[in-house]
Amino acid sequence: VGCGGIAVRDRAAEGDAVLLVHGLGSDGAAFTPCFVAPELAGLRLVAPDLPGFGASARPAGLDYTMGTLATALEQLLDALGLGRVHVIGHSMGGALAVLLARRRPRQVASLLLAEPNLIARDATLSRTIASLSEDDFVAGFERFVAGIEAESTSSPSGREYVASLRRCAPFALHRAARSLVADTSAPEFVASFLALPMPRHY
């Protein structure tokens, strides 16, 4: 379904709601296995494509910072009428999950972070992208994707990631990467995660 320019897969269920936040260059399709996992059958699963990624809108004037993407998640929660929600974030999605929990500690029931970018050394791909100017990265985007594809030919997950890269807006990817590197370079980011009041798993 579409929600304010955000493409989102929303499976209705009677159980708790779970927000699934994808990583840099990925999209909500990364969580497709969750929708068919028997263990999660009773949960409401919400897997958006963040702005600039997947099938979501990609306005050129948006800055795609972590703060802006976290705001988009807040707006999505409000538009869907979600109350308490568990948040699972992968890679960049882990950093966004932390920001969301900081802003809405009463709404986020728990956090599960998988390979999150919480400290500078976690953001390897982001640093590679951010080391280039936006114009240079956009101009060389196909070469960048081809390089990742060459390293991923034997991995199904790698091939899926390459496909998701081709669905994103290169300028959004670059701007998000720069913001992610800047945010995770700040030592207080990890401290803010550790200070959160809800159950959290890293």
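Reading helix packing and burial in a predicted model

Student: This is a predicted model. At what angle do the axes of helix α2 and helix α3 cross, and within what distance do they come?

Tutor: Two packed helices are described by the angle between their axes and the distance between the axes. Here helix α2 (residues 66-79) and helix α3 (residues 92-103) have axes that cross at roughly 65° and come within 9 Å. The crossing of α2 and α3 is right-handed.

Student: Which residues of α2 and α3 meet?

Tutor: From α2, the contact takes in M66, G67, L69, A70, T71, L73, E74 and L77. Their partners in α3 are M92, L96, L99, L100 and R103. By class, nine residues of this contact are nonpolar, two are polar and two are charged.

Student: How should I read the spacing of residues along a helix?

Tutor: An α-helix has 3.6 residues a turn, so residues three or four places apart point the same way. In α2, the buried residues are M66, L69, A70, A72, L73, E74, L76 and L77.

Student: How many residues does α2 have, and what span does it reach?

Tutor: α2 has 14 residues, and from its first C-alpha to its last it reaches 20 Å, close to the 20 Å expected at 1.5 Å a residue. Just after α2, G81 takes a positive phi of about 70°.

Student: Which residues touch the most other members of the largest nonpolar core?

Tutor: That core has 51 residues, and those touching the most other members are L19, V87, M92, L96, L111, F144 and L173. Helix α3 gives the largest share of the core, eight residues. A second, separate core has six residues, among them V18, L20, F31 and A47.

Student: Which residues does V87 touch, leaving out those up to four places away in sequence?

Tutor: On that count, V87 touches L19, V21, A97, L100, V108, S110, L111 and L112.

Student: Turning to the loops, is P51 buried or exposed?

Tutor: P51 lies in the loop between β4 (44-48) and α2. Since residues under 20% relative accessible area count as buried, P51 is buried because its value is 11%. Not counting residues up to four places away in sequence, P51 touches I6, S56, A57, L62, Y64, L69 and A72.

Student: And Q107, buried or exposed?

Tutor: Q107 is in the loop between α3 and β6 (108-114). With a relative accessible area of 12%, Q107 is buried. Leaving aside neighbours within four places in sequence, Q107 is in contact with L77, L82, G83, R84 and V85.

Terms used. Residues numbered from 1 in each chain as written. Predicted model: local features only at pLDDT ≥ 70, side-chain atom pairs only at ≥ 80, totals over all residues. Heavy atoms only, no water. Axes fitted to C-alpha atoms, helices over the stretch in contact; angles between N-to-C directions. Helix = DSSP H or I, 4+ residues; strand = E, 2+ residues; numbered from the N terminus. Left-handed = near helix turned anticlockwise from the far one by under 90°. Contact = heavy atoms within 4.5 Å. Nonpolar A, V, L, I, M, F, W, Y, C, P; charged D, E, K, R; others polar. Expected span 1.5 Å × (residues − 1). Buried < 20%, exposed > 50% of the residue type's maximum accessible area, 1.4 Å probe, protein only. Core = buried A, V, L, I, M, F, W, Y, C linked by side-chain atoms within 4.5 Å.
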